[in-house]
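Subject: Structure for you to look at

Hello,

Below is the structure I mentioned, with its sequence. My notes follow it; please read them with the model open.

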Amino acid sequence: MTDTATLERTRQGTAASLELTHALAQTLYREARLLDTENYADWAEMLAEDLHYHMPGIETRYRRDKTDQVTDLTRMAYYNDSKPEILKRLSRLETGTAWSEDPATRYTHIITNVEVELTENADEFRVYSNFYAYRNRNERDEDSLIGNRIDIWRQVGNSFQLVKRRAILKHNVLLSKNLNIYV
Amino acid sequence: MRFERIGREPDYSRYMDLKEGWLDRRIFSDADIYEEELYRIFARSWLFVAHESQIPKAGDFLTTHMGEDAVIVARQADGSIRVMLNSCPHRGNKVCFADAGNTRRFVCNYHGWAFDTAGDLKGMHEEYCYDDGDIDFKNHGLKNVAKVSSYKGLVFATFNGDAPSLEAWLGDFRWYLDMILDNEEGGTEFIGGCIKSVMSANWKFGVENFIGDAYHAGWTHDSGCRSMNDGMPFPPIDMENSYHASVNGHGWEFGTEGVGDLVLLGRPKVMDYYNKIRPKMAERLGEMRSKIFGSVASASIFPNVSFLPGISTFRQWQPKGPMQFELKTWVIVNKNMPDDIKEEVTKGVMQTFGPGGTFEMDDGENWENCTTVNRGVVTRHERLHYRCGIGRQIEHDTLPGIVYRGQYNDANQRGFYQRWLDMMTHDDFSKMPTRPEPRLGNVAETRDLPGLFAL
């Protein structure tokens with residue numbers, strides 16, 4: 001899968017039931033709300049211990065170019081993190097000296113186009129979605145980050161944990177000075 | 001070749017007094033000064049355009065900018081590298097839209113003018129529309145730059161036919177560069193891909209930060225350091241055994257403790273790797289350089305490339321107007337590292353100095369606000385303070401360049417702006433001062449230098 005224009009969205013598995021689809025959509029919305037409110041402690045609770053969180057850097061290349069920019073994990077990536085690595089990044093916010101987070105950045109995550117399908121593992125579900133992560137900071141700093149996600153969520157008791165996420169940001173040049181946001 | 005602007009010859013020396021240690025804020029936002037920088041600095045300097053490893057095979061290319069001029073960097077069938085304007089000589093359209101790839105031809109989308117990877121015009125759509133004498137194919141290729149040259153994997157190009165050789169341009173700074181480019185047999189390579197981001201800041205703020213500003217690290221990046229190292233703050237700086245070294249506007253600030261930047265990377269396996277090769281590094285580069293590598297350090301190559309030896313981020317600050325730059329970020333690794341160490345380095349760089357990195361996140365806002373606030377019509381007439389450590393210059397037996405003791409210093413920044421001033425005020429390259437007088441001379445290989453440098 002090398003097409004970076006959009007993530008593969010054709011159904012690979014069977015569509016999940018209405019009930020499961022609803023439960024996972026609600027999970028995505030809850031996650032977005034936690035990120036909007038910088039509730040990273042509760043967000044971290046939603047991350048599986050074996051999490052892989054990946055947001056590759058996307059170069060502009062001709063269609064004939066078969067370079068795998070999406071799944072080749074040796075290439076440059078904004079994020080290519082395990083859970084402990086995500087927690088390391090988040091721990092910066094607890095130091096009290098993350099100067100560029102004070103005053104606080106204002107976030108809104110809009111999650112759409114949710115599709116849920118079954119996988120070979122009875123307790124794991126593939127979830128497609130689109131994100132619009134908006135940030136505004138200080139007076140006029142404003143960023144709109146838009147892209148696709150493909151996740152694996154695992155059912156644990158009555159809730160779900162994120163096992164895998166691949167987020168494709170549509171920027172070539174990140175139109176911002178940094179990426180202090182998770183999608 | 002000269003690229004002159006007509007009718008503007010201001011006295012740039014009034015924008016700074018580096019012996020006193022101050023700068024005029026207008027150099028960070030003034031549109032006329034910025035235009036002049038494009039002519040006098042970017043159109044005349046040797047500029048980094050690629051790492052050899054990015055375009056290993058014939059037909060491999062990448063696109064980048066020299067100043068604000070778009071260029072293609074392409075590997076030729078004979079192994080040489082050509083650098084040419086990414087602009088069709090017919091109407092000026094871009095002929096290559098990709099960041100990188102492999103091709104036999106660059107074909108303009110507008111009228112189908114087709115160029116080979118050397119830039120030679122090979123044909124066009126409906127060629128019959130040109131009568132005999134209308135067009136000379138030989139003179140309508142993609143304009144090649146004046147010179148292309150490599151130093152240990154780094155490819156540089158210049159529009160300036162009068163520029164000195166790349167070796168002379170880098171001068172004694174090669175002694176320092178070899179610490180990242182030549183610390184192990186096999187040399188270096190870039191990891192695939194390039195992360196680009198945009199900051200609303202003047203390009204010089206990025207360069208001067210990396211060239212000498214160890215001072216900001218312990219404060220700006222306290223949060224980054226603690227997050228990567230289980231809550232530990234920056235180690236105290238040893239002002240006696242740390243230095244600034246400046247050569248022709250290039251600069252490297254460094255400790256000699258050997259581990260500081262490797263600690264900040266937060267990847268114990270990478271630390272182990274370098275500790276393992278350090279005895280060989282000492283044989284290869286001398287004991288002093290083996291102790292400098294891995295220490296808290298940062299460096300810039302004039303005018304707009306920076307890197308962190310040990311942390312392995314490699315970056316270029318591309319000017320996009322007086323108040324904006326595009327930051328291109330790569331990861332540089334030793335070619336002979338095992339794959340898992342390369343992966344560790346890459347992850348470490350992106351967790352510290354990628355746009356979402358624990359260090360990078362706190363830099364951009366500083367530089368943006370330095371730029372925008374300095375622009376106020378009253379504010380811009382206030383001088384900025386660059387005097388830190390101004391009395392600490394020393395002569396050092398081993399270290400080439402203009403050397404100052406104490407890593408917390410503005411010395412390399414002053415050296416950078418001195419070179420900036422030299423370039424802004426000298427029309428004739430041959431009359432431009434070399435700062436300091438070189439020790440290495442024409443010695444090609446810093447490893448082969450006599451005893452003085454092998455310490």
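Chain B is divided into domain 1 (47-149) and domain 2 (173-454); these bounds come from an automatic or database domain assignment. The centres of the two domains of chain B, taken over C-alpha atoms, are separated by 33 Å. Where they touch, domain 1 of chain B gives 8 residues and domain 2 of chain B gives 9 residues; a contact requires that the C-beta atoms of two residues, placed from the backbone, lie within 7 Å. The domain 1 side of this contact in chain B has 1 nonpolar, 5 polar and 2 charged residues. In these classes Ala, Val, Leu, Ile, Met, Phe, Trp, Tyr, Cys and Pro are nonpolar, Asp, Glu, Lys and Arg are charged, and the others, Gly among them, are polar.

Before the rest, two points on conventions. This is a predicted model, in which local features need pLDDT of at least 70 and side-chain atom pairs count only at pLDDT 80 or more, while totals for chains, interfaces and linings use all residues. Residues are numbered from 1 along each chain as its sequence is written, and chains are lettered from A and ligands numbered from 1 in the order in which they are written.

Helices in chain B

Helices (H or I, at least four residues) and strands (E, at least two) are DSSP runs, numbered from the N terminus. Helix α4 (residues 203-212) of chain B packs with helix α12 (residues 411-425) of chain B at an angle of about 135 degrees, the axes being 8 Å apart. Axes are lines fitted to C-alpha atoms, for helices over the stretch in contact, and angles run from 0 to 180 degrees between N-to-C directions. That angle makes α4(B) oblique to α12(B); under 35 degrees counts as roughly parallel, over 145 as roughly antiparallel, 65 to 115 as roughly perpendicular and the rest as oblique. On the α4(B) side the contact is made by Val207(B), Glu208(B), Ile211(B) and Gly212(B), and on the α12(B) side by Ala411(B), Asn412(B), Gln413(B) and Phe416(B). These residues divide into 4 nonpolar, 3 polar and 1 charged.

α12(B) also meets helix α1 (residues 31-42) of chain B: their axes come within 9 Å and cross at roughly 90 degrees. α1(B) is therefore roughly perpendicular to α12(B). Here Glu36(B), Arg40(B) and Ile41(B) of α1(B) meet Trp420(B), Met423(B) and Met424(B) of α12(B). By class, that contact has 4 nonpolar, no polar and 2 charged residues.

The sheet in chain A

In chain A, 6 strands form an open sheet with mixed pairing, in the order β2-β1-β6-β5-β4-β3; two strands pair if DSSP finds at least two bridges between them. From one strand to the next the twist averages 20 degrees. Strand β4 (residues 124-137) of chain A runs antiparallel to β3(A), and 11 bridges join them.

Between the chains

32 residues of chain A are in contact with 37 residues of chain B. On the chain A side, β2, α3 (83-91) and β7 (173-174) each give two or more residues. That side divides into 11 nonpolar, 12 polar and 9 charged residues. β7(A) runs parallel to strand β14 (residues 195-199) of chain B, joined by 2 bridges; Val173(A) has Lys196(B) as its bridge partner in β14(B).

Regards
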